[in-house]
Amino acid sequence: MTQSHDNYHAARWNEPIIMEMGSEGQRGILVDKTDQAILEEIQNPLDSIPQSMLRSSELKLPEISQAQILRHYIRLSQMTLGFDVTPDASSGTCTMKYSPKVNEAICRNASVLEVHPLQNPSSLQGILKILFDFGEIMCEISGMYKYSFQASSGAQGIYTNACLIRAYHESNGEGDQRDEIITTAFSHPADAATPSVAGFKVITLMPGENGYPDFQSLKSVLSERTAGLMVTNPEDTGLFNPHIPAMVKAVQDAGGLCAYDQANANGLFGIVRAADTGFDLCQFNLHKTFSAPHSAQGQGAAAVGVSEKLAKFLPAPVVDFNGAEYVLDYDRPESIGKIRSFLGNVQTVIKAYAWVMSLGADGLKSVSETAVLNNNYLASKLAEIKGLDLPWDRNLKRIEQVRYSWSQLCLDTGLSTTDLARKMSDYGLQTYMESHVPRLVDEPMTLEPTESLSIDDLDAYVSVLKEISDQAYSDPESLKGAPYKSASDQLPQNQFNDPETWAMTWKAYKTKRQ
Amino acid sequence: MKKIKSTFGLIVNPISGMGGRVGLKGTDTSAIIASAIALGAKPESTIRATTCLKEIHSGLHASLDVICPPGIMGEKAAEEAGFSPTVLPMKIPDDTSAKDTRTAVEMMANAKVSLILFAGGDGTARDIYSVIKDQIPVVGIPAGVKMHSAVYATTPKSAARLVTNYFASSDANLKDVEVMDIDEDAFRNGQLSASLYGYMKVPFERRYIQGAKSGGIESDESAMSAVAHEISRRLEDDVLYILGPGTTLKAIGNQLGVDKTLLGVDLFQDGKLIAEDVTNLQIEEIIANCNKKVKIIVTPIGGQGHIFGRGNQQISPSIIKRLGRESVMIVATTNKLASLNGRPFLVDTGDPDVDQLLSGYIRVVTGINMESVYRVSD
């Protein structure tokens with residue numbers, strides 16, 4: 001049955017910030033006094049901390065009861081949309097899919113939850129086996145030789161790739177000479193940002209008339225300074241660049257390495273493998289494509305895979321099997337070092353492992369086939385909506401996502417894509433992703449339905465966008481103030497653009513509010 | 001009582017654009033206007049202004065006040081669109097001229113309008129610029145024959161959108177864009193000689209502003225300062241730099257601690273300007289006598305993409321030929337590249353060989369450690 005998005009209204013609680021809640025003396029948990037025997041043994045533990053590192057004032061934490069805390073966070077969750085409460089085709093390029101709850105249960109098992117990364121590896125054999133086996137599975141999926149799961153976000157995985165490229169050229173004595181990384185304007189911005197952080201100069205290829213860069217533009221920048229190519233394919237547009245094998249070869253002929261940012265891999269399982277295309281290294285986001293939750297900038301994990309010649313540069317330690325037991329190999333003199341503490345977000349890897357094991361190879365391929373089918377079904381339905389366009393070749397099938405353009409509707413009505421995006425939350429749907437930067441598509445909207453949405457979900461989603469388009473043409477002014485039924489009113493946009501209004505800490509918030 | 005913020009000035013250049021359809025390349029003199037009318041030219045600017053104004057009127061902002069000159073210079077279009085304009089106390093002749101535009105703009109400035117909407121071409125933009133410089137934001141409804149300036153919206157409707165967005169938002173962004181014009185007589189004789197007259201402020205088109213959700217938030221100003229920072233890092237001692245005109249180059253000057261002229265070509269070497277606002281002959285003389293490495297730094301014109309031949313003719317084809325393609329550094333913010341909508345850079349140096357020399361892919365410095373590669377048209 002197609003579910004209606006009419007008559008929705010978000011919960012709207014006037015929740016203060018947790019730091020403003022509670023009152024002096026309130027406690028959520030009454031902690032027992034330290035046992036006398038322990039006290040005698042450790043004396044004052046603060047004595048072991050250097051004087052210069054001790055706080056001079058008392059730490060101010062909210063003083064609040066358990067019931068208040070529970071109420072506070074439940075209310076916040078009620079004012080938040082997410083895949084568990086809404087079919088999220090809106091967050092294009094984010095690959096929002098169902099995260100099986102059984103995998104959460106597995107990760108709450110004491111044998112996962114209560115181990116410590118500094119335990120002797122002999123007592124971590126189960127977890128190390130999962131990491132090792134999943135590495136082997138990832139090699140099968142991508143054709144690469146060896147994996148690391150230390151990086152804990154997509155961008156950190158891409159950064160790891162940049163560091164690996166740097167280490168490779170340094171080991172060849174070309175570290176100073178090869179200082180240019182090439183990327184494309186529709187690759188994820190991290191493909192430009194992270195090599196820049198790693199010390200490279202970054203050259204961005206602009207899209208040609210088909211929506212992806214001309215081969216000639218790549219040729220024009222190749223030289224003895226070329227360190228590598230770092231790209232997504234399909235790009236954010238959902239278009240698959242057919243020239244990638246030729247581009248990879250040209251970069252390698254010039255002495256560079258090619259890194260495949262596979263954050264957009266949800267349409268490629270069992271269809272295209274990074275190594276078969278010629279790439280030297282790649283990375284996947286386990287918290288997207290492999291169903292582990294995004295956790296709101298929290299517990300991500302990237303799988304970084306490399307070809308044999310780059311394996312010695314992977315971050316230490318690498319999980320290995322010596323025939324008898326699983327070991328952590330720290331003895332890696334040419335390693336780029338640590339990308340993150342300990343082994344990364346192991347729980348996220350376990351969720352991805354469980355997901356892959358539940359599907360098998362055929363299941364993975366059907367994930368991609370369904371994601372591509374869903375995406376192209378959605379695109380064909382949206383093509384009927386007034387004022388919405390599919391830039392570049394309309395008849396060319398997209399892979400797993402599409403960057404649409406509301407340019408015509410905006411010219412006709414005077415609205416902007418942001419006005420339309422805001423309206424989505426009046427239907428209980430996620431405000432859609434407009435675009436990464438640089439913003440090259442006019443009035444953009446980027447949608448990615450993944451394999452998790454049913455045809456009814458998609459039809460309902462289309463009907464909402466159609467209703468918004470109709471309303472934009474019949475009564476554009478009524479959209480200006482949207483959302484009306486969301487958990488919050490429209491926020492003043494200038495605050496997002498003004499660092500003076502940002503506060504990353506409570507202290508900064510108090511200072512800046514004055 | 002209505003606030004001052006909700007008042008905008010309107011100027012329609014009634015003869016603007018008349019030359020275009022009949023092949024006369026502009027209407028700067030009354031003799032040309034007469035021949036345009038004789039050739040059957042129609043007052044397209046009024047039609048275009050009315051389209052735009054209707055769009056503004058139908059929006060929330062029907063309550064906006066309009067101040068305009070009488071009759072065909074604004075009143076007619078405003079009333080046709082449904083506004084009840086405040087008409088400026090001035091008399092206009094049947095054959096309106098640049099003087100009438102300037103008079104109207106002065107009166108609008110005195111009335112403290114917050115924006116001037118005009119329908120016209122480069123001549124009109126120049127006349128407005130001569131009175132208000134960059135003190136009052138403008139929006140151009142494209143209606144002229146010559147539109148080399150970057151003050152125009154893409155269509156009358158998108159002009160309406162810029163105006164309504166400007167008045168609707170509490171945090172309207174403005175940017176400086178080029179006011180250019182060409183010498184019409186020379187153009188009619190087959191020569192194109194475009195000059196950069198200055199910069200006016202226009203509302204920043206939303207589509208080029210990054211959305212709040214996209215994470216990286218960069219104003220035009222900060223993007224330009226990143227470009228300037230990168231260039232200042234790359235400059236070498238003992239090299240003579242020819243710095244073209246424009247706000248990007250001005251920002252580079254600021255980064256280098258020198259007072260770069262906005263509209264002129266300046267020469268820079270070892271931390272200081274050695275010559276300002278130079279002519280092509282001066283450049284040629286200086287580089288002939290300096291036996292140093294010489295490099296050229298220029299930026300494309302926003303929205304239309306010329307890197308040579310518009311506003312920087314001082315850097316003559318013979319200079320470019322002598323220094324070679326590898327001596328040319330192009331600088332631009334990514335937003336500026338995006339504003340070209342995929343169209344290539346243009347060159348029109350006056351020497352086809354040099355234009356050919358510059359064609360093909362060229363690197364563009366877009367930020368700190370960031371470059372792009374962009375095609376120069378054949």
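Predicted model: local features only at pLDDT ≥ 70, side-chain atom pairs only at ≥ 80, totals over all residues.
**Nonpolar cores**

The largest nonpolar core holds 133 residues, and among these A:Ala259 and A:Val349 touch the most other members. The element that gives the most to this core is helix H10 of chain A, spanning residues 346-382, with a contribution of 12 residues. Another core, of 56 residues, lies apart from it and includes B:Phe118, B:Ala160, B:Leu162 and B:Ile301. In soluble globular proteins, nonpolar side chains tend to be buried together.

The surroundings of A:Ala259 can be listed once residues up to four places away in sequence are left out: A:Ala259 then touches A:Asn161, A:Ile165, A:Gly228, A:Leu229, A:Met230, A:Phe279, A:Asp280, A:Leu281 and A:Cys282.

Strand E2 (residues 180-184) of chain A runs parallel to strand E3 of chain A, and 5 bridges join the two. Within this pairing, A:Thr183 has A:Thr204 of E3(A) as its bridge partner. Strand E3 of chain A, which covers residues 201-205, is mostly covered, with 4 of its 5 residues buried.

A:His188 is found in the loop that connects E2 to helix H7 (190-197) of chain A. Is A:His188 buried or exposed? A:His188 is buried, because 24 other C-beta atoms lie within 10 Å, and 20 or more are required for that class. With residues up to four places away in sequence not counted, A:His188 touches A:Thr232, A:Asp261, A:Ala263 and A:His436.

**Chain B: overall make-up and domains**

Chain B has 14 helices and 16 strands, and 53% of its 378 residues count as buried. Of the contacts in chain B between residues at least 6 apart in sequence, 66% join residues at least 24 apart.

Chain B is divided into domain 1, covering 4-208, and domain 2, covering 214-376. The contact between them takes 16 residues from domain 1 of chain B and 16 residues from domain 2 of chain B. On the side of domain 1 of chain B that touches domain 2 of chain B, strand E6 (174-182) and strand E7 (194-203) each supply at least two residues. That side of domain 1 of chain B is made up, by class, of 9 nonpolar, 4 polar and 3 charged residues.

**Chain B: the open sheet**

An open sheet of 5 strands in chain B has the order E3-E2-E1-E4-E5, with parallel pairing. Strand E3 (86-87) and strand E5 (138-142) of chain B each have a single partner strand and stand at the edges, so one side of each is left without a neighbour in the sheet. Further in the description of this chain, strand E1 (residues 7-12) and strand E2 (residues 65-68) of chain B run parallel and are joined by 3 bridges, and the bridge partner of B:Gly9 in E2(B) is B:Ile67.

**Chain B: helix H9**

Helix H9 of chain B, residues 220-234, has 15 residues that should span 21 Å at 1.5 Å a residue, and this agrees with its end C-alpha atoms, which are 21 Å apart. The buried residues of H9(B) are B:Ala223, B:Met224, B:Ala226, B:Val227, B:Ala228, B:Glu230 and B:Ile231. These buried residues pack against helix H10 (247-256), strand E11 (293-298), strand E13 (328-331), helix H13 (334-338) and strand E15 (360-367) of chain B.

**Backbone geometry in loops**

Most residues other than glycine have a negative phi, and most peptide bonds are trans. The table gathers exceptions.

| Site | Feature | Angle |
|---|---|---|
| A:Asn233 and A:Pro234 | cis peptide bond | omega about 0° |
| A:Ala316 and A:Pro317 | cis peptide bond | omega about -5° |
| A:Trp392 | positive phi, not a glycine | phi about 65° |
| B:Asn291 | positive phi, not a glycine | phi near 30° |

A:Pro234 is found in the loop between strand E4 (226-231) and helix H9 (244-253) of chain A, while A:Pro317 is in the loop between strand E7 (302-306) and strand E8 (318-321) of chain A. A:Trp392 lies in the loop between H10 and strand E10 (402-405) of chain A and is partly exposed, with 18 other C-beta atoms within 10 Å. B:Asn291 lies in the loop between helix H11 (280-290) and E11 of chain B and is exposed, with 8 other C-beta atoms within 10 Å.

Notes. Residues numbered from 1 in each chain as written. Chains lettered and ligands numbered in written order. Core = buried A, V, L, I, M, F, W, Y, C linked by C-beta atoms within 7 Å. Buried ≥ 20, exposed ≤ 12 C-beta atoms within 10 Å, placed from the backbone. Contact = placed C-beta atoms within 7 Å. Domains from an automatic or database assignment. Nonpolar A, V, L, I, M, F, W, Y, C, P; charged D, E, K, R; others polar. Expected span 1.5 Å × (residues − 1). Pairing = 2+ DSSP bridges.
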